[in-house]
Amino acid sequence: MAKSIRSKWKRKCRAVKRERYGAKELERLKKTLGIKENGTQDVEMLEISDMVTVVDAKKVKENSKTKDGAEADTIERMEVDNGGRVYNKRTMLDQYGNYPVWMNRRKIAKHKKGRAKSEKGNTKPHKRLTRRQKKAAKQK
């Protein structure tokens, strides 16, 4: 299906566009960063040590351990309130018999239909048995 002449032509046109827009995007990015074609830059890069302090991982871990112990009393945990709803995985209903908010009407109807089929197989028939059915039940 993807080998038609039209799709090949569209693919070719997209490749040309990708190339053209890629060049434009690169040019715009260079302009934003202040990089010129001849290699000179508008912004002078300072020594990295002037901008950043380098710290070992061991020191960071030690600091985090000491902070956790000291700040454990001061930090208040955020309470998460999900509305107190408990959903049944099989029926998708909460304790009040409602479906989740994110579930749309079509999906609810489809789910109800499927549930009815599964419940139908589990329940006994409500109609009276025929003589043959009674005879078969006695023989079992």
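Okay, let's start at Arg20, which sits over the face of Tyr21, 5.1 Å from the centre of the ring. Keep in mind that what you see here is a predicted model. So what about rings meeting other rings?

Now let's zoom out to the whole chain. How many helices and how many strands are there in the protein? Five helices and zero strands. If you walk along from the N terminus, the elements read α-α-α-α-α.

Next, the contacts. Take the ones between residues at least 6 apart in sequence: 3% of those join residues that are at least 24 apart. And the burial number goes like this: of the 140 residues in the protein, 6% are buried.

Leu26, Leu29, Leu33 and Ile35 together make a nonpolar patch of about 370 Å². Where is Ile35, then? Look at the loop between helix H1, which covers 5–33, and helix H2, which covers 48–51. Why does Ile35 count as partly exposed? Because its relative accessibility is 36%, and partly exposed is the class between the buried limit of 20% and the exposed limit of 50%.

Okay, on to charges. How many salt bridges does the count come to? One. Its partners are Asp94 and Arg85, and their closest N and O atoms are 2.5 Å apart. Now, buried or exposed: which word goes with Asp94? Buried, because Asp94 has a relative accessible area of 6%, and the cut-off for buried is under 20%. Arg85 is at 36% relative accessibility, so Arg85 goes down as partly exposed. So when you find this pair on the screen, you're looking at a buried Asp94 joined to a partly exposed Arg85.

Last stop, Met92. This residue has a positive phi of about 65 degrees, although Met92 is not a glycine. Where would you look for Met92? In the loop between helix H3, residues 57–71, and helix H4, residues 105–122.

Okay, quick recap before you go and click around. We had Arg20 over the face of Tyr21, a nonpolar patch that includes Ile35, the salt bridge between Asp94 and Arg85, and Met92 with its positive phi. That's me done, thanks!

Methods
Residues are numbered from 1 along each chain as its sequence is written. This is a predicted model: local features need pLDDT of at least 70, side-chain atom pairs count only at pLDDT 80 or more; totals for chains, interfaces and linings use all residues. Side-chain values use heavy atoms; hydrogens and water are left out. Patches are made of residues with over 30% relative accessible area and no salt bridge: like charges are joined within 9 Å, nonpolar side chains (Val, Leu, Ile, Met, Phe, Trp, Tyr) within 5 Å. Accessible areas come from the Shrake-Rupley method with a 1.4 Å probe; for residues, only the protein chains shown count as cover. A salt bridge is a side-chain nitrogen of Lys or Arg within 4 Å of a carboxyl oxygen of Asp or Glu. Helices (H or I, at least four residues) and strands (E, at least two) are DSSP runs, numbered from the N terminus. Buried means under 20% relative accessible area, exposed over 50%, partly exposed in between (1.4 Å probe, protein chains only). A charge sits over a ring if NZ of Lys or CZ of Arg is within 6 Å of the ring centre and within 35 degrees of the ring normal. Contact means heavy atoms within 4.5 Å.
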